[in-house]
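Open the structure in your viewer and keep the selection tool ready. This tour moves from the whole chain to one pair of packed elements.

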Amino acid sequence: MSETWEALSHLFFPPVCYYCKAPLDSRGGRKLCPRCRELLKLVEPPYCLGCSKTNVILDEETLLCADCQLRSKRAPLSRIIAGAAYEDLVPHLISKFKYGRCRYLADPLTDIIMAHPEFSVLAPHIACLVPVPMHWTKRLLRGFNQSEDLAYELSRRTGIPVVKALKRVRYHSSQAGLKREARMRNLGGAFQFEDSYARRFQNLPKNRLTALIDDVCTTGTTAELCARALKRGGAKNIILLTVAKT
Ligand SMILES: [Zn+2]
Ligand SMILES: [Zn+2]
């Protein structure tokens, strides 16, 4: 945006906080105000190298939490990169984004993903962004897929392409409140790889990452099943980029 245009647009639409609508004195577009930003629990070291959680005991050698140590050998997903804890302002922002249809919140939520201490180190190695798919009936009801919005915003900022390589083929009742094993059963066979992308993934060098994108990671079941489907399609090194880990 040119400076004149920005000054003009601020005259008619003064910049306000994305969340609480407090006026912002800063230039450079709408953001969260300093007060709201302080309410985010952004991930800072020390954190688990597997799942980005901060309030856990880490193994001194591997720097993994107990859950990740158990999972590391069989997980198709190598890492979960979550920008914040699912606490304070984050759940509000996410529910306003998803259920309140405030799609402009993809912008500050993407800021949170990119605030992860390792994001800038990992980003140059990411070959593509794959949003966690939504069943078409659910998408029709909501009007958009929040993971796709986040993937496109991330793509706009980094230049990494979005590849919609997964399809959700079964519609399920809510996963909320279900334990990990029950979630696995409930979701079995829910995600399918789009075969038309097979060559793209099979030809990826081993050191190139495929990044799944989701708004929140709860038990990790959805992401794990998506990663399995991507593996079947030929993807090798898969990570999850998400706003928050519960
Ligand atoms: Zn605010
Ligand atoms: Zn962990």
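Helices (H or I, at least four residues) and strands (E, at least two) are DSSP runs, numbered from the N terminus. Residues are numbered from 1 along each chain as its sequence is written, with chains lettered from A and ligands numbered from 1 in the order in which they are written.

Now color by pLDDT, the predictor's confidence in each residue, from 0 to 100. The chain mean is 89. Confidence is lowest in helix H1 (residues 3–12), with a mean of 67. It is highest in helix H8 (residues 146–158), at 98. Where pLDDT is low, the predicted coordinates should not be read in detail.

Next, select helix H5 (residues 106–114). Its buried residues (20 or more other C-beta atoms within 10 Å of their own, C-beta atoms being placed from the backbone) are Ala-106, Pro-108, Leu-109, Thr-110, Ile-112 and Ile-113. What covers them includes strand E1 (77–85), helix H4 (89–98), helix H6 (119–122), H8 and strand E6 (237–245).

How do H5 and H8 pack? Their angle is about 70°, with axes 9 Å apart; axes are lines fitted to C-alpha atoms over the stretch in contact, and angles run from 0 to 180 degrees between N-to-C directions. H5 is therefore roughly perpendicular to H8, a term for angles of 65 to 115 degrees.

Finally, show side chains. Ala-106, Asp-107, Leu-109, Thr-110 and Ile-113 in H5 meet Asp-149, Leu-150, Glu-153, Leu-154 and Arg-157 in H8, with contact meaning C-beta atoms, placed from the backbone, within 7 Å.

Key:
This is a predicted model: local features need pLDDT of at least 70, side-chain atom pairs count only at pLDDT 80 or more; totals for chains, interfaces and linings use all residues. A residue is buried if 20 or more other C-beta atoms lie within 10 Å of its own, exposed if 12 or fewer, and partly exposed in between; C-beta atoms are placed from the backbone. Two residues are in contact if their C-beta atoms, placed from the backbone, lie within 7 Å. Angles under 35 degrees count as roughly parallel, over 145 as roughly antiparallel, 65 to 115 as roughly perpendicular and the rest as oblique.
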